[in-house]
Amino acid sequence: VRLACLGIILLLGALLFQAASDAQTPPGSMGMPMVAPLFLENPQLSSMLTLVNSATISESADVVLLDPEGHQIVKRTITLGPHSQAEVAVRELLEAADSTVTMGSIEVNASDENMAIAAQLSISGQSPARALHFEEELVMPMAQKSKVTRAAVVSIAGSPVIALRSLSNITQRITVECLDEHTGLIKSMVNVPPGALVLWRACVNDGAIAEPFINVFDGDESKARRSIGLSVATNGAPGGVTVYGVGLRADDTRGSAYAPINFVDPAQTRSSSTVFTGVPVGPTDSMVGASFQPELAVTNFGKAPADTTIHYSFTGLVQVQTDLVAHVVVPALSTRTVALPDLEADPGMQNSFVIDSSARPGELYASMRSVSDATSWVSDVLGMDAKQSHNGGLHPWNIADGTSSTLLLFNHTRTAQAFHVFIAQETTVWQKNYTLGALETRAISLNSLVATGQKDDLGQVLAPYPQRGQLGWFTESHEKGTGRLLEGRLIGRLARGFNCGMCTVLCGASTSPSTLTLLSTQTGTATETAQWCTSNLTCPGQCTGTPTTHTAIDQCSWAITNNAIASIQGSTTGATVTIGGLAPGLTAAQVRVSTATCLFIPQTQVKVQQPGQLYVLSDSYKILNGCPNTKYRVIAYQIQTAGGAQGIDITLDTQTKETFSSVGTNTCNTGVKTSGSCSTDTGGQIHDEFSVNCNTVGGSCGFTNTNQQWRWCPSNGSTSQVIATIGDLVVHNDGISVGGSYLVYPKGTIFGPSGKI
Amino acid sequence: MTLLCVLLIGFVSLACAQQEIEPLEFGSVAGEVVDQNGKPAKGVQISALPMEKTHVMGKVIYAVSGPDGKFVLSQVQSGLNMICFAKETELYPDTRFSASTDDLSLNPIVKVKRDETTTGVIIQLGRKGVKIIGKIVDKRTGLIVQKTGLLLYWSDEPSKSVETTAALDGTFEFVVAPKPLRLEVSAPGYKHWVSPVILAGPGETKELRVNLEPVT
């Protein structure tokens, strides 16, 4: 469910949610949009909702605040421009509604079934000597498959407080299991009224309601720092309760600090491997002055010991190094903090972890945090299922006011994978294809892309302004990679991780032109364009959907169905190929465009033609401007393929020339000459004019040229070929005979190589 | 305007009458075609009519304006040239010919130098011509008449004419200036046929059915 922060919100869900969010009526246990179970708004902590729109058009979403009893406090419609982000301050919404509520829940509901919105809640503030910040992933209850949701959290003090937000219209009996690393299983039960928000101390004996005073997370220092696992089960329907938790990470002279606890439905976990992408380890460039040490814990919710290995991969300047850095057997129903050795690391955060276990999917949970004690800078890293159904991510980016944004991508597979990255900045969608080797982590700094003006695969660059927008990435199918966006702020020592997933599939491919017409010695090009769609219903996607604006590079392979007619010259695997005509005929250039799960084979029809005859379009005597007393005749020919009446017009620009067996003397003394060199006939049409032109001789002066022939000049420089023999030209001042006829030829007359047909 | 045309035609006639035969040299002409509203016009055929020297017989060299209206016409004889245009699909007749236009001032006169390109030539399309189409059949049988001779001319100035024959299927088509016209049709074994004056406005198409009466 953590992955459900992807706000692909269905109209159906929206309609159902309308009833659920009614101010006075507790919601029914039905499918719903995204929910943040807990917001906090008090003098110490504030909540900020970030929305991202991946659509190519403006979209809107209703943001609804609910009080602890489930009553609507305020609803505001937020409109997001194409490929944009928006931040919604909860404090502002509460003030607008004159509400003094300090905690509650948020529901986000899209208005359009095609809307693709990601949302995430950030809770931040300032304790006496340190910045406070933690992220809350929004939950999509309608995607919940089981009645259970689980989490692990590394190294906290006291009892975590979990927010239980009912989405049901019945009172639910909630069973909470705390797998405390020190004390083992602590079980408690609590009734949650319809629609209510209950804060529950999950790791004290029998549990306890936590009153919603300001420092609700403080006041329990009874237990030393250790790691825990949490399991929450309802007796209601799946999705009847959403859960979010907060633990006390530190409480010292610098004040309190908290750790987020994001819950995941075990039924949605597809593998026994958890991936942590782009973990700050050691000195980190984008968070200057801080040296990070990762902390890791694992909880085994299963009934058998889980053999667990921790592999660490860091990407250096020349290679990826992967090491087994820890091995632990986690007993059934227990939690262990895993000691990690000192690790060699990349300062660009190109460091990732993979936790593998022998437990069944959904039984072993891992939690990781990277801490810089010297500066109290903390980066919580969300673990991802190695076989998550999403194949991409959708995040905001921001480089304003000294903020750094770094997209961190990790290929956790054993083969190279293509990652398609698109970064939207107003109307520009910068897009680039990155290939990551096995177990390679790639950090892509938005600040660097902008500062250096790096070009994308289309030659575009990101402008210096605006300094924020939306970005996304995807692999060609799911299970091929993970990613997140890390936003770092020197002021306040913030490290915000954005983890929302999305599904993008190859949903079509086309070629252009649809028909490529070539002369038999010509070359032309055909181009393939893949279409990518964001799935709005299921993940993994079904190779269908609404195309997005990005044009990622794909796997493609071209072939000609009849190589006697045309052939591909050069590479057959590029988006654009060169096709050469060989012989007259019809064939096709097919291209296989594929990902691991989707295949499309569009084709361009290739028509190869060869000039073979001339077709008379018109033949007329006209009066040339300024020369009224001299005969002037002009014949317009269309170049055709051979075949007599079945000849086909060749409308390509074609090169021809005329030749004669002999050229006679012009008795009009006008110096008429013929054009005997090859020249281009636009659209395959020849206009041949005959006249001795204005002269002072008059009468029947003129000349005779014998055996006029038209020749096609092949573009490859080979010998010209006769396509039409017209015959003798007798061009006199008072009469013009072409091919033995003073009378004009009717339209439709055809001349072939041997003469009139 | 009339005076200008007279002068222009006279000048061209005089130029054509020169006896001096000089070696032919070529340059190019580049410019833009715009419509009556000044917007780029694409697909217009551009050709040059030499005014000082005998023009080359044979294949007519055309350029075609692009989507931005721009064109480059090569193999233009050096010296003064009248730049002519045509787009008969949109009823702009070829202004090379006398029956096609009554406003020669629309054809720019440019000087072309050997191996150089004369740039900045602007062609503005004038008013459209008219299209005369029809079919010639035997009045009694309705069958197509072959070997016809057609002469279309301005009724008030018969020297402005076009002479051709009908297509093999008996049809014919002209695109000429929007002037009062007359069509004469002859064919072996049939009485000579003369149309009444044909009146059509710019951009209009007139269809004629010519029923030839056999000679008894």
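A residue is called buried when its relative accessible area is under 20%, exposed when that area is over 50%, and partly exposed in between (1.4 Å probe, protein chains only). This is a predicted model, in which local features need pLDDT of at least 70 and side-chain atom pairs count only at pLDDT 80 or more, while totals for chains, interfaces and linings use all residues. Residues are numbered from 1 along each chain as its sequence is written, chains are lettered from A in the order in which they are written, and side-chain values use heavy atoms, with hydrogens and water left out.

The tour follows the disulfides, a disulfide being a pair of cysteine sulfur atoms within 2.5 Å. The structure holds 5 of them over all chains.

Select A:Cys627 and A:Cys694 to begin. Their sulfur atoms lie 2.1 Å apart and form a disulfide. This pair links distant parts of the chain, 67 residues apart. A:Cys627 counts as buried because its relative accessibility is 6%; A:Cys694, at 8%, counts as buried too.

Next, select A:Cys543 and A:Cys598. Here the sulfur atoms of the disulfide are 2.0 Å apart. The torsion about the S-S bond is about -85 degrees, so this disulfide is left-handed. Both cysteines are buried.

Then select A:Cys678 and A:Cys713, whose sulfur atoms are 2.0 Å apart in a disulfide. With a torsion of about -80 degrees about the S-S bond, this disulfide is left-handed. Which of the two conditions, buried or partly exposed, applies to A:Cys678? A:Cys678 is partly exposed, at 33% relative accessible area, whereas A:Cys713 is buried, at 8%.

Finally, select B:Cys84, which is buried at 0% relative accessibility.

Technical notes: Helices (H or I, at least four residues) and strands (E, at least two) are DSSP runs, numbered from the N terminus.
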